[in-house]
Amino acid sequence: MSALLPAAVLLPVITALACLALPRRAQPISGFLGGLASAAVNAAVVVAVTSHGVLEHHMAGWAPPLGIALRADGLAAAFVGLTGAVGFATLVFAASAEATTGRRTGFWPLAMLTWSGLMGIFLAADLFNAYVALEVLGLSAVGMVALGGRGAPRAALRYLIVAVVGSMLLLTAIGLVYAATSTLDMDLAGQRLTAEDGWLPLVLAATGMGLKTALVPMHAWLPPAHAGSPPAVSPLMSALVVKGSFYLILRLWLDVFPRNDAVALVLGVLGAVAVIWGGVLALAQRRLKRIVAYSTISQVGYLFLAFPLLNLPGHQPAMVSAVVAMALAHGLAKAAMFTAAGALMLGTGTDHVDGLVGAARSEGVLTAGMILSAVSLIGLPMSLGFTAKWQYLEVALQTGAWWIVLVLLTGTLLAAGYLLRPLAALIRDSDTHEEVGQAEIGPRPAAQRWVPLALGAMAVGAGLFTTDLTALTSIGWG
Amino acid sequence: MMQQLLTAVPLILIALSAAPALIIFMLPERANRTRVTINVAAAALKVGLMAAMVPLILRTDVAPELRIPFLPGTDLVLRIDSLSLLFTLLSALLWLVTTVYAIGYLAGRPNQRRFFGFFALCVTATVGIAFAGNLVTFLVFYEMLSLVTYPLVAHYGTSGALAAARVYLFYALGGGLLVLAATAWLTIVAGPVEFSPGGAEAVAALARDHPGVAIAIFGLLVAGFGVKAALFPFHSWLPRAMVAPAPVSALLHAVAVVKAGAFGLIRVIDDLYGVELAAGLGVLTPLLVVACFTVLYGSVRALLQDDIKKRLAYSTVSQVSYIALGLSMLSVVATTGGVVHLVHQGLSKITLFFCAGLVAEVWGIKKISQLDGLGRRMPLTAAAFTAGALSMIGIPPMAGFISKWQLGAGALDAGQPWVIGVLIGSALLNAAYFLPVVVRMWFRPPAEIREGPVENRTRPVLEAPATLLWPAVATACFAIAVGLFAGLPFSPLDVAGHIAERVYR
Amino acid sequence: MIELSVASLTLWTGALLTGLALVRLLTVEDLIARLIALNLTGGGTLLILVGLAARTEPVDPVPQALALTGIVITVAFTGVGLILVRAVDDDERPSRSADGRAHGHDEEANA
């Protein structure tokens, strides 16, 4: 059973290598098959953790500290499941047309390396593996951003600098943790680390991961990198890659670092600012992919908003479940948004909101997917976005954190505001309006219609499985 | 077996509205005939099913119920009690007539697929609201309603329509947020609470221990539902939303949006807090004052409008507050009046909106000053409008009279005789803005109409096509019938009486 | 008084180097200079790790292994960075006159 864990990490790597060896024309087939197999392994990990509890595997039988240990608890399994769903859906989308993967070759191996990096982060049981996996993730993500059109190399370079600085900060933090505890094992380090030794590496790691997750005020790199990427890359970047660095700081927060209220408050306040400011910036955008990218900044704010609440004794399990639900909801909905935006952009040649007027007439399925994903991003019931927000609200109200309640409610209205503009354009009737013409949409392959719908439906439908998700995340700790 | 069947009933009724929506969205735009068939068949089937359930639920006290685990500790609960039955029956009936009307109204126009699809979703949300057994379930459908109504209000796609729809959406979502905050707060302090006639135990305990918190939550809930119910000062979206096509305005005002807010108020006051508890907390009097003010304010504003639909919109602001007015008095008669007005106002108002759409469609008339002599041009339409207007004013034996009589008697019963002054004042104002219209229609010579869709304006009598005319005539007849036969068993008044009695245990 | 052992000297040099390189990274415009600053940030970080390793007797191998991995990754990102710098050049040179303004505007909007 525990052999699933190395398979989850290595299968994508093998697929990536296979894709590298093949010519571009053969890459989608092999990448798709590898993605299918990897997604199946991811699903198996989720099922295994649900039914058998925590999984642990020592590579080649070597136990730590010498060997590499992989570990999957409920928290990890939830993110593994997200990666399987979103990753596979995006690969289906990418296989539908070569234009989705950018003008250069390289999408398939890079996407599978990204997948593998994510698995490495989610399943790492020691700090060093987590760091290496983070580097794999960062470098392959930089490569994917560079696949985009005009302006992409500059965005990629900027992202590279962000990624490297972020992981260097993490590396220093890991060095300091090791110096204080003489171990790299997360659990052991967590037992030995004192508050006195813990605060500096915590600040360094939080800064580094905040930078890589685009926490305000370190967010400026994200919109060009996410919005400028090819249609099949943006969903991976926004739904999954930022989750990698967020997962790591969450994991370190829960397992390694001692409680630190000051850092928690700073992270929470920055998250609150991100929710509002990201929403305001998104309101000002007129291009669909930019709107969606700024929405990511706002949604990342919700994730960091959880830290002050995560600190409170007695509320931690509820809050972990809430933040995982939030991350999953965002991942599914954002992937739906970006695949839909990419398909519309390929169909119309633009992603300016005025160029999409009336597109719902011929692209009804795709529009339905966007509406469903908007329901979850705004946080309307009964989507997963809603249940996540509900759990935040419960804890915030119980502990009297009124400012968080206020941020949650304001963020909801802001999200409705910035998502209404593109959706209103899509379902609008251009007959009665001469100044903007009807969008001319080239026929889209079926995959480009149904992938957004499937992801959007998952984001909404998953709300009904909130209790199962809560049960899953509680496995293995607390 | 019987039990399982009962569990499935709420789901079947919701599916009966949702399935047509999905099918319509999948059909191509040109499939007019199929769309019409599906729409009318589903609507008629639902009316039949609901009507068949009336004796079952009222006589035997069965409450078909469905539970789905949703949030930790909170289920999605769909339950059909007598109040939900009353509301769904109204919505099913009016859905049927409005569908027929809309088919005629939109014939030959673009975007019918979008219109009828979201129309059916709108009705689905209304049914869900009626069946909701707790606040969380209510909220699910309440927000769904906000969302699916947006494309209907924005249907014409003009910048005015888009702006009005945006205002509507943000008012509605803002109201939903207040309800969400209140629901979350209530769940934390009182546990997961479900609706039960006369109020929930946990809320009573909360009001005993922390009356301040209970009052604050009540305030949030009333404000949140007040937005959709167009209570002052949250009413200004309603007149703006008049840019929507006539069938949308009709449904919005009569059953769907405005009534969802009013229905929420009923649930909160009668089934969550319990009217006695709310009176004990002292929260009813402020609500009564706001409702009275809105009644008068809406009437005064209506008096100042020349645009027919605007006047009707402000009239709705005023009329819907009668429901809140009835609910906020501690008397079984007043509660009956509030609940029954939900139905009576719906029937009368939808008639008026149908007629307003008719005259605009056929003669291009949008202003009240152009209505001179309509009685000679469109006798049936004018008659239906007159019936609706008289009912609104409260002339016996129309529907509106019955509710106002109940409210007045309730005011005396509750020891708030000053409310009768408000009722009389409002009736006079209603008469002031409806009677001149009626007089114009019947007693003035037809005015010349220069612009409009009718090519042959010389014809003296030109009624609307049957699909437009008969729904209006039918609802007018309903409005008269529920007044005339209010004393019979299973009349809306009878059902409302049952509901009110259960609230005062 | 601070005891100036080899270990703490390395540690403080590394910290100083990282700090200076970060400042340079944030302030410099030229892409190659940026990349070099990034490289120096990496170097400083690795010095910190080496300094941490040298604090015990005998020298702890684990931070050194971390530093070694760090070196490999530094090489990797420097290579990727150089490729990207060339790509930026290719991307922007031919249309600099026509498109340059639009790009500048874009950057402004992101900041």
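Predicted model: local features only at pLDDT ≥ 70, side-chain atom pairs only at ≥ 80, totals over all residues.
Chain B contains 21 helices and two strands. The C-alpha trace of chain B extends over about 70 × 55 × 45 Å along its principal axes. A compact globule of 505 residues would have a radius of gyration near 23 Å, and the value of 22 Å for chain B therefore agrees with that expectation. Of the 505 residues in chain B, 62% are classed as buried. Contacts in chain B were also considered by sequence separation: among those between residues at least 6 apart in sequence, 80% link residues at least 24 apart.

The two strands of chain B form a hairpin. Strand β1(B) pairs with β2(B), residues 74–79, in the antiparallel sense, and the pairing runs over six bridges. Within this arrangement, R67(B) has V77(B) of β2(B) as its bridge partner. Two residues lie between the strands of the hairpin, and G73(B) adopts a positive phi near 90° there.

A second contact joins chains A and C, with 27 residues from chain A and 30 residues from chain C. On the side of chain A that touches chain C, at least two residues each are supplied by α5 (127–145), α6 (152–181) and α9 (222–227) of chain A. The largest share of that side, 15 residues, belongs to α6(A). The side of chain A that touches chain C divides into 21 nonpolar, three polar and three charged residues.

Two pairs of chains are in contact, and of these chains A and C share the most contacts. Chains B and C are not joined by any contact, and their closest C-alpha atoms are 27 Å apart.

Definitions and conventions:
Residues numbered from 1 in each chain as written. Chains lettered and ligands numbered in written order. Helix = DSSP H or I, 4+ residues; strand = E, 2+ residues; numbered from the N terminus. Rg over C-alpha atoms; globule rule 2.2 N^0.38 Å. Buried ≥ 20, exposed ≤ 12 C-beta atoms within 10 Å, placed from the backbone. Contact = placed C-beta atoms within 7 Å. Pairing = 2+ DSSP bridges. Nonpolar A, V, L, I, M, F, W, Y, C, P; charged D, E, K, R; others polar.
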